[in-house]
Number of protein chains: 2
Amino acid sequence: MKVGAERDSARTSAFPRPAADEFSPPENGARTRDRRDSRWDEHRRTRREQLVQATVDAVARHGAGVGMDEIAAEAGTSKTVVYRHFTDRTELYVAVCSRVAAQLLPKLRDAIESRDEPREMVAAAIDTYLAFLEADPELYRFVVHQQTLDRPAGHDPISSLSDLVGEQTAAIVGLALERSGHDRRAAAPWGHGAVGMVRSAADWWLRAGRPMLRAELTAHLTDLAWAGLSGVVTPEARTEEDK
Amino acid sequence: MKVGAERDSARTSAFPRPAADEFSPPENGARTRDRRDSRWDEHRRTRREQLVQATVDAVARHGAGVGMDEIAAEAGTSKTVVYRHFTDRTELYVAVCSRVAAQLLPKLRDAIESRDEPREMVAAAIDTYLAFLEADPELYRFVVHQQTLDRPAGHDPISSLSDLVGEQTAAIVGLALERSGHDRRAAAPWGHGAVGMVRSAADWWLRAGRPMLRAELTAHLTDLAWAGLSGVVTPEARTEEDK
DNA sequence: AAACAGTACCGTGTACTGCCGGTACCGACC
DNA sequence: GGTCGGTACCGGCAGTACACGGTACTGTTT
């Protein structure tokens, strides 16, 4: 639990909004929050964090198909508390995704920055992703394979982990594209596409019972991601040449 | 009138016997099926087909989140009948996937075979996939984004559409790999990976409200699939990646 | 051989169970 | 006054039970 660095901003807009249903604040829009409310801000933040952690633990215990009751039990409380801090299951799911992304993305960044050759960067990133997934497959399933069936037809708050990673990858690719004078508009398709490539291959790998070593899978995916399918039709040109 | 005396007498097992074919040899040792059973085989086949079609229609009408009641209503009957032919929702879903795959895969094959240049084959296949998805996004969502949360502790017969297409692609890739003397073990990762690449990029494309033309997306994805990321770091020059 | 009881399926519909996400109401604490 | 927290519920949906009726096949009796 991280309790320090309480940034005392009287305007904590997004996070601790408890649904605001039946309760409409008075008309003086400037100051609607007094001490009786704001003194709970820190508690709310830690509680949210704790609930996200409980969700992760509950996934580890019960699998990717955990119910809200089990999550609440894991947190040592009841569903009501969960729903006081998260409007619905989707919001909690998004929070878990953010948390996992906050762990995964730095690892990816480190992996990339620890290499010099661009191809090695790709390989390192792929292997990092696979390592994460192999370390905790159940959490991975929860965080990647949970499609929110709702279609709110308007906003697109990036939700799943794949989206977050894809967005980040797209940014990196966009930077590289720009730096080398290419069309920047390819960044998003490439970023999401590359992530999806690894994701689908990883899904297959898990589903098939890991029929090869992780290192092999990394090598194959790096080949594909780096050089594409063009290598398939050219005979006698061994793809794993540069070693 | 002998009504209701044996209401529950023959509560036999699961209804839709695998029923490989309608002919059982007359002198087949153990007599299991007689005409009272086998005379329904054709009816069962058509009924199944009709229910799959009704599901497709129901998806078109109510969106990817259709319920079983709505599916049954679309078929002009009640849930009971649906469950007489499909043990559960998953089995119906798999049947729909098979049907869609049976439509999509030939199109992909045609698109590939109508080109000479391998790169053009890839482009044509990607564009065909995107065209399918653009033509009926709701059905696409149903067929691709329905994760079966069950974990039957062992093996799962390939279920989702992505898996089917990925499996097929892997076969093609494996053939090309073998023909050019490469390691065949890369086929499965590459096949599933390539399909996942297109799928994720397409998901992003739909989610973002189609921020570019389909042709553009096809072009970008073809670039990525064919030449990989290596082109990003090489400034401005379209390298054919040789060594 | 025809009649007949019995069987193995089909279909319709209603009402139910069970699970699970989400909520109403109530008490407890400042 | 306000917020936190728990119990007990609601509602929707997958899946089941059961009642009722129909048609074609099967083995047995007359």
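**Helix packing and chain contact in the predicted model**

Helix α10 of chain A, residues 214-227, packs against α9(B) at an angle of about 50°, and the two axes lie 9 Å apart. The structure is a predicted model. Two packed helices are described by the angle between their axes and the distance between the axes. Angles under 35 degrees count as roughly parallel and those from 65 to 115 as roughly perpendicular; α10(A) and α9(B) are therefore oblique to each other. The crossing of α10(A) past α9(B) is right-handed.

On the chain A side of this helix pair, the residues involved are A:L217, A:H220, A:L221 and A:L224 of α10(A). They meet B:P189, B:W190 and B:G193 of α9(B). By class, this contact has 5 nonpolar and 2 polar residues, and no charged residues.

The contact between the two chains was then examined as a whole. Chain A contributes 50 residues and chain B contributes 53 residues. On the side of chain B that touches chain A, two or more residues come from each of the helices α6 (118-135), α8 (161-179), α9 (187-207), α10 (214-227) and α11 (230-233) of chain B. Of these elements, α9(B) gives the most, with 14 residues. The side of chain B that touches chain A divides by class into 28 nonpolar, 16 polar and 9 charged residues.

Within chain A, the secondary structure consists of 11 helices and 0 strands, and the pattern along the sequence is α-α-α-α-α-α-α-α-α-α-α. Chain A has 243 residues, of which 36% count as buried. Among contacts in chain A between residues at least 6 apart in sequence, 54% join residues at least 24 apart.

The domain assignment of chain A gives domain 1 (39-86) and domain 2 (97-149 + 157-229). The C-alpha centres of domain 1 and domain 2 of chain A lie 28 Å apart. Contact between these domains involves 6 residues of domain 1 of chain A and 6 residues of domain 2 of chain A. On the side of domain 1 of chain A that touches domain 2 of chain A, 5 residues are nonpolar, 1 is polar and none is charged.

Key:
Residues are numbered from 1 along each chain as its sequence is written. Chains are lettered from A and ligands numbered from 1 in the order in which they are written. This is a predicted model: local features need pLDDT of at least 70, side-chain atom pairs count only at pLDDT 80 or more; totals for chains, interfaces and linings use all residues. Two residues are in contact if their C-beta atoms, placed from the backbone, lie within 7 Å. Helices (H or I, at least four residues) and strands (E, at least two) are DSSP runs, numbered from the N terminus. Ala, Val, Leu, Ile, Met, Phe, Trp, Tyr, Cys and Pro count as nonpolar, Asp, Glu, Lys and Arg as charged, and the others, Gly among them, as polar. A residue is buried if 20 or more other C-beta atoms lie within 10 Å of its own, exposed if 12 or fewer, and partly exposed in between; C-beta atoms are placed from the backbone. Axes are lines fitted to C-alpha atoms, for helices over the stretch in contact, and angles run from 0 to 180 degrees between N-to-C directions. Angles under 35 degrees count as roughly parallel, over 145 as roughly antiparallel, 65 to 115 as roughly perpendicular and the rest as oblique. A crossing is left-handed if the near helix is turned anticlockwise from the far one by less than a right angle, and right-handed if clockwise. Domain bounds come from an automatic or database domain assignment.
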